[in-house]
Amino acid sequence: NARLQVEHPVTELVHGIDLLAAQVAIARGEKLPEIPAARGHAIEARVCAEDPANGFLPSTGTLWETAWPAGPGIRVDSGVARGSDVTAHYDSLLAKICAWGETRERAAARLREALAATFIAGVQTTIPFCREFLASETFRDLQYHTTYAGEHLGGWQPEDLERDGAASGDPERGARWLRAATAAARRVAGTPAGVGRGAGPRGPLPLWSTLADWGRAR
C-alpha cells in the first residue's frame, strides 16, 4: 500500500523515522532510508466527533475551546482548533493522540494521562470512551477484537463531568472540565496546557523534541 495509513504515527514513534520524508526521498530516486530497530511501544487514540453513548453517531457543532496535551512521549496530530466548524460532510476524525513508552503498560498509562489533558468543547467525542477502555481488564489482557464494542458496550455511558464539559453551548459546565484538563496537562508535561491553537504555551512543539524518553531509550 503506497499511502500512509491513519496509524502511521505509531510506526514513526516506535522506529524513530519520518515516513513522509522517506516517501519523498524515494520519489526523488533515493534509496530507502535505513529504518532503526523498533524501540518500546506506541498506542494511538483516534479522537472523533462521535457520541459513544449514542451508538457512535456523528456529533456536529463549532468548537468553542480546545486544549491539547504535550510532554515526553506524547504526539498530537490535529487539523482543528478553537472556532473550527465540525460538520457532517467530512470524516469525523478530529485528532490522533499517540503515546510512546518503554512498555505497553507505560504507553497505555501515558496515553490515558494525555487524553485526560485533552479538552474539546462544542461536540461529543470518543475521548472518555478511549480513556475507560485503556483502563479496562479487556485491554490489559488483550481480550478485545474488532466487534468488541458493538457486542459488549451497547449501554456504555461516560462520566457526567466529561459529558457535560463536551456539551455545546454550556461554557459554565465546560469550564469545570477545562480546569480539570489543564491540571492533567500540567501533570503530563510539567507546564500549562496549550489552549486554543497549539500544543503548548507558545504553540505546537517540534515532534521529536517531545519524545525525550524515546531518545534516551536509544
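**Figure 1. Cys130 and Cys48 in the predicted model.** At 17% relative accessibility, Cys130 counts as buried, where buried means under 20% relative accessible area, exposed over 50% and partly exposed in between (1.4 Å probe, protein chains only). Cys48 is likewise buried, its relative accessible area being 11%. Cys130 takes part in no disulfide, and the nearest cysteine sulfur, that of Cys48, is 7.8 Å away. The sulfur of Cys48 has its closest cysteine sulfur in Cys130, and 7.8 Å is too far for a bond; a disulfide is defined as a pair of cysteine sulfur atoms within 2.5 Å. A search of the whole structure finds zero disulfides. The model is predicted, and local features need pLDDT of at least 70, side-chain atom pairs count only at pLDDT 80 or more, and totals for chains, interfaces and linings use all residues. Residues are numbered from 1 along each chain as its sequence is written, and side-chain values use heavy atoms, with hydrogens and water left out.

**Figure 2. Packing of helix H3 against helix H4.** Two packed helices are described by the angle between their axes and the distance between the axes. Helix H3 spans residues 104-116 and helix H4 spans residues 127-134; they pack at an angle of about 155 degrees, and their axes are 10 Å apart. Axes are lines fitted to C-alpha atoms, for helices over the stretch in contact, and angles run from 0 to 180 degrees between N-to-C directions. H3 and H4 are therefore roughly antiparallel to each other, given that angles under 35 degrees count as roughly parallel, over 145 as roughly antiparallel, 65 to 115 as roughly perpendicular and the rest as oblique. The crossing of H3 past H4 is left-handed, meaning that the near helix is turned anticlockwise from the far one by less than a right angle; clockwise would be right-handed. From H3, the residues Ala108, Leu111, Arg112, Leu115 and Ala116 meet Ile127, Cys130, Arg131 and Leu134 of H4, contact being heavy atoms within 4.5 Å. The residues of this contact of H3 with H4 divide into seven nonpolar, no polar and two charged. In this grouping Ala, Val, Leu, Ile, Met, Phe, Trp, Tyr, Cys and Pro count as nonpolar, Asp, Glu, Lys and Arg as charged, and the others, Gly among them, as polar.

Figure 3. In helix H1 (residues 8-15), the buried residues are His8, Pro9, Glu12, Leu13 and Val14. Helices (H or I, at least four residues) and strands (E, at least two) are DSSP runs, numbered from the N terminus.

Figure 4. Gly40 lies in the loop between H2 and S1 and, at 35% relative accessibility, counts as partly exposed. Not counting residues up to four places away in sequence, Gly40 touches Val14, Trp100, Gly101 and Glu102. The C-alpha atoms of Gly40 and Ala107 are separated by 8.5 Å, although the two residues are 67 apart along the chain. Leu32 is also found between helix H2 (19-27) and strand S1 (41-48). Leu32 is exposed, with a relative accessible area of 60%. Leu32 and Ala22 are 10 residues apart in sequence, and their C-alpha atoms are 7.0 Å apart in space.

Figure 5. Phe56 has a positive phi of about 60 degrees although it is not a glycine. Phe56 lies between strand S2 (50-51) and strand S3 (57-58) and is partly exposed, with a relative accessible area of 32%. Leu142, not a glycine either, has a positive phi of about 60 degrees. Leu142 is in the loop between helix H5 (137-140) and helix H6 (148-152), where it is exposed, with a relative accessible area of 53%.

**Figure 6. Gln124 in its loop, with the overall composition.** Gln124 is found in the loop between strand S9 (119-121) and H4. Gln124 is buried, with a relative accessible area of 16%. From C-alpha to C-alpha, Gln124 and Thr60 are 8.0 Å apart in space, while 64 residues apart in sequence. The protein as a whole has nine helices and 10 strands, and buried residues make up 44% of its 218 residues. Among contacts between residues at least 6 apart in sequence, 70% join residues at least 24 apart.
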